[in-house]
Amino acid sequence: MGHGPGHLGARGGGRSGRDPGRALDELVAAEAQLSAAGMVGYLAIARLRRGLVEGGAIGSARAAAARDFLRDLGALDPDAVAMHLMPWLM
């Protein structure tokens with residue numbers, strides 16, 4: 001069993017030059033483990049990044065929902081919070 005934040009490392013970032021399919025696999029694994037651990041802020045960031053990697057209507061909706069959730073947690077600027085906590089993802 002891995003660790004949620006570990007899946008959000010270099011392979012889970014989905015940055016250009018990396019395999020998007022692999023990045024999505026890592027992000028999905030991270031989401032499951034972060035959810036199980038109750039790490040809701042990091043879970044929202046993983047979902048935000050996953051939405052950005054997926055793109056399209058579904059990805060945009062996923063990213064928007066993650067931003068809304070971060071706002072509900074008190075983030076005034078969800079993208080800035082994500083960049084601050086996990087800059088290598090954004």
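Me: Does Arg50 count as buried or exposed?
Reply: Happy to start there, with a reminder that this is a predicted model, in which local features need pLDDT of at least 70 and side-chain atom pairs count only at pLDDT 80 or more, while totals for chains, interfaces and linings use all residues. Residues are numbered from 1 along each chain as its sequence is written, and side-chain values use heavy atoms, leaving out hydrogens and water. Buried means under 20% relative accessible area, exposed over 50%, and partly exposed in between, with a 1.4 Å probe and protein chains only. Because its relative accessibility is 16%, Arg50 counts as buried.

Me: Which residues does Arg50 touch, not counting those up to four places away in sequence?
Reply: Arg50 sits in helix H3, residues 40-54; helices are DSSP runs (H or I, at least four residues), numbered from the N terminus. Contact means heavy atoms within 4.5 Å. Leaving out residues up to four places away in sequence, Arg50 touches Leu24, Leu27, Val28, Glu31 and Arg62.

Me: How far apart are the closest N and O atoms in the salt bridge of Glu31 with Arg50?
Reply: A salt bridge here is a side-chain nitrogen of Lys or Arg within 4 Å of a carboxyl oxygen of Asp or Glu. Glu31 is buried, with 8% relative accessibility. In its bridge with Arg50, the closest N and O atoms are separated by 3.1 Å.

Me: How many residues apart in sequence are the parts that the pair Arg47 and Glu31 ties together?
Reply: Arg47 and Glu31 form a salt bridge whose closest N and O atoms are 3.5 Å apart. Since Arg47 lies in helix H3 and Glu31 in helix H2 (residues 20-37), the pair ties together parts whose separation in sequence is 16 residues.

Me: Which residues are linked with Glu31 in a network of salt bridges?
Reply: Two bridges of Glu31 have come up above, with Arg47 and with Arg50. The network joins Glu31 to Arg47, Arg50, Glu54 and Arg62.

Me: With which residue does Asp79 form a salt bridge?
Reply: Asp79 is partly exposed at 31% relative accessibility. The closest N and O atoms of this bridge are 3.0 Å apart. The partner of Asp79 is Arg67.

Me: How many salt bridges does the count come to?
Reply: The bridges discussed include Arg47 with Glu31 and Asp79 with Arg67. By this rule, the count of salt bridges comes to seven.

Key: Helices (H or I, at least four residues) and strands (E, at least two) are DSSP runs, numbered from the N terminus.
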